[in-house]
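Please read the following briefing alongside the sequence and the coordinates.

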Amino acid sequence: MKLEGDNMANVKRTNRSAVLRNLHENGSTSRKRLSEAVKLTPATISKIVADLIEEGLLTTGPVIETGKSVGRREVLVELNAHARCALGILINIGEARLSAVWLDGSTAFYETVSLPRKAPADETVEMLTKRLMELAEEHHLEREKIIGVGVAIRGITDTKNRVIRHSFSALDQEEYPLAERVEMLTGLPVIMENNVRSLFLAQMFEARDKSSKSQYFLRCEYGIGASLSLDDKIWRGETGRCSEIGHVPVIRRGGKPCACGKSGCLETIASPSAIREDAIAIMSPTETPVLWNMLKHTKDEEVSLDAILEAARCGDEKIAQIVDRAVNLLTSTLKTVIYTINPAKIVLYGQLFENSFYLSRFLAEMEEGLDSEAGRVTIEKSPYNLMLEKKAAGILMVEHFYELGGIPDE
Ligand SMILES: [Zn+2]
């Protein structure tokens with residue numbers, strides 16, 4: 001419950017934020033319609049729009065005829081998306097993505113940088129920020145246009161204290177003050193978030209979908225990550241571990257060690273890398289004849305997940321068992337989520353869901369054991385699958401800018 005009032009500065013931010021978000025989500029509109037949509041008086045809207053035009057954030061578009069009375073005309077206003085841009089750094093295991101996005105989420109530039117596993121934190125962050133600023137210069141992004149840097153990283157993030165607590169082998173240091181470090185090196189404001197939450201935020205930003213107030217975003221790529229939204233806001237949980245679904249313990253004794261330091265986590269059985277590892281471990285002419293015939297001259301490190309799933313589809317019994325177990329444990333855990341949260345939608349993200357055999361197995365399992373009310377949840381593959389990595393970190397900063405009503409933090 002909110003027990004504090006808002007001072008004038010915050011009211012100004014909130015009103016400007018509502019105008020900016022409305023224009024982002026619904027496109028160009030007239031001042032009159034904007035006033036109706038955000039429920040502010042026409043005079044207040046006129047003042048906000050005039051300020052935003054002066055700051056370059058809005059432009060006036062074409063004049064449209066409206067209403068029944070002949071000659072009634074309204075000028076459209078729209079976001080000037082290229083007025084500002086945000087830079088982004090997304091750090092995963094073995095690689096980082098550097099990017100810049102405009103205020104509408106379109107990409108100004110994008111580059112992938114390879115990193116070693118457990119990359120030395122200070123050195124790596126210095127190298128990445130240096131390259132990021134070089135790219136900004138190469139693409140002629142003027143300093144005064146850059147609103148800041150969004151930093152997304154795998155693992156347990158403490159967004160309040162702006163520290164990465166545990167990056168699960170992406171960086172070599174725990175409790176690392178990542179945001180502060182990037183801020184110091186770039187001289188720009190920085191906002192930090194967990195990588196899966198940043199992808200989910202980018203998904204919501206791009207989809208402009210206000211029909212699903214609660215969504216569960218499930219990402220299966222290297223491991224298994226997830227993020228939850230309640231009333232359109234991302235929920236992080238008491239200690240930033242909300243939706244760390246990959247680390248739900250599913251094997252009580254003798255489970256495989258997990259990147260988080262425990263053993264027997266869901267991720268050690270149901271993640272794409274676990275399925276791959278388990279299949280490769282038993283690959284032989286007798287145990288897995290179909291896979292063996294498909295791949296007998298292939299080195300272990302070149303065995304693809306798609307080939308393993310194809311062997312399962314073609315009836316390679318032991319491989320099919322590995323896949324079945326993975327699908328079963330993942331979908332069972334998700335059903336717990338459905339009965340706990342009752343979300344409107346589950347969004348699937350990651351290379352794994354591009355495999356039609358896996359996706360159909362997954363969806364079929366999800367239909368089992370849900371009553372008709374719980375079963376109403378929409379489950380769909382993200383329409384932006386595999387496309388959000390190149391913009392998610394930047395969108396994090398754009399979102400923050402909208403939240404602040406386009407007025408920088410003091
Ligand atoms: Zn774990």
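Ser 169 touches Ile 93, Arg 117 and Lys 118 when residues up to four places away in sequence are not counted, a contact being heavy atoms within 4.5 Å. This is a predicted model, in which local features need pLDDT of at least 70 and side-chain atom pairs count only at pLDDT 80 or more, while totals for chains, interfaces and linings use all residues. Residues are numbered from 1 along each chain as its sequence is written, and side-chain values use heavy atoms, with hydrogens and water left out.

- Ser 169 is placed in the loop between strand 9 (163–166) and helix 5 (178–186), where helices (H or I, at least four residues) and strands (E, at least two) are DSSP runs numbered from the N terminus.
- Ser 169 counts as buried because its relative accessibility is 13%; buried means under 20% relative accessible area, exposed over 50%, and partly exposed in between, with a 1.4 Å probe and protein chains only.

**Phe 200 and the aromatic pairs**

- Phe 200 lies in helix 6 and is buried, with a relative accessible area of 0%.
- Leaving aside neighbours within four places in sequence, Phe 200 is in contact with Gln 215, Phe 217, Ser 227, Leu 228, Ser 229 and Ile 234.
- Phe 200 and Leu 218 are 18 residues apart in sequence, and their C-alpha atoms are 8.8 Å apart in space.
- The structure holds 6 aromatic pairs, for which rings of Phe, Tyr and Trp (its six-membered ring) must have centres within 6.5 Å, with planes under 30 degrees apart counting as stacked, over 60 as edge-to-face and the rest as tilted.
- The rings of Phe 200 and Phe 217 have centres 5.2 Å apart and planes at 20°, so this pair is stacked.
- That pair links distant parts of the chain, with Phe 200 in helix 6 and Phe 217 in strand 11, 17 residues apart.
- Phe 217 is buried, with a relative accessible area of 0%, and one aromatic cluster is formed by Phe 200, Phe 217 and Tyr 349.

- His 247 and Cys 265, 18 residues apart, both have their place in the loop between strand 13 (233–235) and helix 7 (267–270), and both are buried.

**Salt bridges**

- A search of the whole structure finds 30 salt bridges, each defined as a side-chain nitrogen of Lys or Arg within 4 Å of a carboxyl oxygen of Asp or Glu.
- Asp 51 forms a salt bridge with Lys 47, with the closest N and O atoms 3.0 Å apart; both residues lie in helix 3 (residues 42–54), 4 residues apart, about one turn of the helix.
- Asp 51 counts as buried because its relative accessibility is 18%.
- Asp 232 forms a salt bridge with Lys 213, with the closest N and O atoms 3.1 Å apart.
- That pair links distant parts of the chain, 19 residues apart, with Asp 232 in the loop between strand 12 (224–230) and strand 13, and Lys 213 in the loop between helix 6 (195–207) and strand 11 (215–220).
- Asp 232 counts as partly exposed at 21% relative accessibility, and Lys 213 counts as partly exposed at 42%.
- The side chains of Lys 256 and Asp 278 meet in a salt bridge of 2.7 Å, N to O, which links the loop between strand 13 and helix 7 to helix 8 (residues 272–281) across 22 residues.
- Glu 111, Lys 130, Arg 131, Glu 134 and Glu 138 are linked in a network of salt bridges.
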